[in-house]
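I wrote down what I looked up, in the order I looked it up.

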Amino acid sequence: MASLGMPLSPVTAASVARRAVLSRRIRWLVAGTISYNVIEAVVALTEGARVSSTALIGFGLDSVIEVSSAAAVAWQFAGRDPEAREKVALRIIAFSFFALALYVTVDSIRALAGVGEARHSPIGIGLAAASLVIMPVLSAAQRRAGRELGSASAVADSKQTLLCTYLSAVLLVGLLLNSLFGWSWADPLAALVIAVIAVREGTNAWRGDTCCPASALGAADAVGHDCDCCDNPARQNS
């Protein structure tokens, strides 16, 4: 036995090495997510204040929340025993989803009530378009690594990043419709849908139900595990 000084079997040694690679990959992906979202938050909040765009300001605050979620996963994997910190990390991620849903709901209601009128923002349109390209790549890479490692918090954080993608699409459509046609009501209505999604994902993170919590490394019950639901939201609650 390894605990009595016996060498690890080739299979076990390979599994340990793979887990180390995946943990390191997740740390790099989280660092990249945090860095991009800090830039995104600064640009969105500054530009949102300049053009009086509640959508841009909300998007910037979402970036701040995304940083807190990614930081929670970074903190978890900075420890010697990431699994021991997973529950706390999931709680932080869940609260970030709920905070996002609350803000988006309140801000959308205010926008629909006619509070403030945003001006045209080429910078905002460019930022939303860039995020719509970058965020899905980061989310997919972290989700794959998290599923293989069996980290519920890494998968949950990848969903937070994916939600940022949805918000990027909402923001882009809202800014374009407002710029081209003056339809200021389109963005807050779509944002309310995002709020509903955020509540559901926050609930799943709180329960630790991120679809694929079981590790694919060395777990017999992981063989044949159906992880397609991670990529198919319609199956997550089936």
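In which helix is Ser96 found? I located Ser96 in helix H3.

**Ground rules**

I noted that this is a predicted model, in which local features need pLDDT of at least 70 and side-chain atom pairs count only at pLDDT 80 or more, while totals for chains, interfaces and linings use all residues. Residues are numbered from 1 along each chain as its sequence is written, and side-chain values use heavy atoms, with hydrogens and water left out.

**Whole chain**

I looked up the secondary structure and found 6 helices and 0 strands. Helices here are DSSP runs of H or I with at least four residues, strands are runs of E with at least two, and both are numbered from the N terminus. The elements run α-α-α-α-α-α from the N terminus on.

I then checked burial: of the 238 residues in the chain, 45% are buried. Buried means under 20% relative accessible area, exposed means over 50%, and partly exposed lies in between, with a 1.4 Å probe and protein chains only.

I also looked at contacts, meaning heavy atoms within 4.5 Å. Among those between residues at least 6 apart in sequence, 77% join residues at least 24 apart.

**Helix H3**

H3 covers residues 86-112, which is 27 residues. I read 39 Å from its first C-alpha to its last, close to the 39 Å expected at 1.5 Å a residue. The expected span is 1.5 Å times one less than the number of residues in the helix.

I listed the buried residues of H3, which include Glu86, Ile93, Phe97, Leu100, Val104 and Asp107. Ser96 counts as buried because its relative accessible area is 5%. Leaving out residues up to four places away in sequence, Ser96 touches Ile65, Ser68, Ser69 and Gln160. After H3 comes Gly114, with a positive phi near 90°.

**Helix H5**

H5 covers residues 152-180. Its 29 residues should span 42 Å at 1.5 Å a residue, and I found its end C-alpha atoms 42 Å apart, which agrees. Since 21 of the 29 residues of H5 are buried, this helix is largely enclosed by the rest of the structure. Gly182 follows H5 and has a positive phi, near 75°.

Two packed helices are described by the angle between their axes and the distance between the axes. Axes are lines fitted to C-alpha atoms, for helices over the stretch in contact, and the angles run from 0 to 180 degrees between N-to-C directions.

For H3 and H5 I noted axes that come within 9 Å and cross at roughly 20°. The two helices are therefore roughly parallel to each other. Angles under 35 degrees count as roughly parallel, over 145 as roughly antiparallel, 65 to 115 as roughly perpendicular and the rest as oblique.

Which residues make the contact? On H3 I found Glu86, Ala89, Leu90, Ile93, Ser96, Phe97 and Leu100. On H5 the list is Ala152, Ser153, Ala156, Asp157, Lys159, Gln160, Leu163 and Leu167. I sorted the residues of the contact of H3 with H5 into 9 nonpolar, 3 polar and 3 charged. Nonpolar covers Ala, Val, Leu, Ile, Met, Phe, Trp, Tyr, Cys and Pro, charged covers Asp, Glu, Lys and Arg, and the others, Gly among them, are polar.

**H4 against H5**

The axes of H4 and H5 come within 8 Å and cross at roughly 160°. That makes H4 roughly antiparallel to H5. Residues of the contact of H4 with H5 divide into 16 nonpolar, 9 polar and 3 charged.

I picked Ser139, which is found in helix H4 (residues 122-149). Is Ser139 buried or exposed? Ser139 has a relative accessible area of 0%, so it is buried. Apart from its neighbours within four places in sequence, Ser139 is in contact with Ser158, Thr161 and Leu162.

**Glu66**

Glu66 lies in helix H2 (residues 54-78). Why does Glu66 count as buried? Its relative accessibility is 0%. Residues up to four places away in sequence aside, Glu66 touches Thr33, Asn37, Asp157, Gln160 and Thr161. I noted 8.2 Å from C-alpha to C-alpha between Glu66 and Thr33, which are 33 residues apart in sequence.

**Arg207**

My last entry is Arg207, in helix H6 (residues 186-207). Arg207 is exposed, at 64% relative accessible area. Its C-alpha atom is separated by 8.8 Å from that of Arg91, 116 residues apart along the chain.
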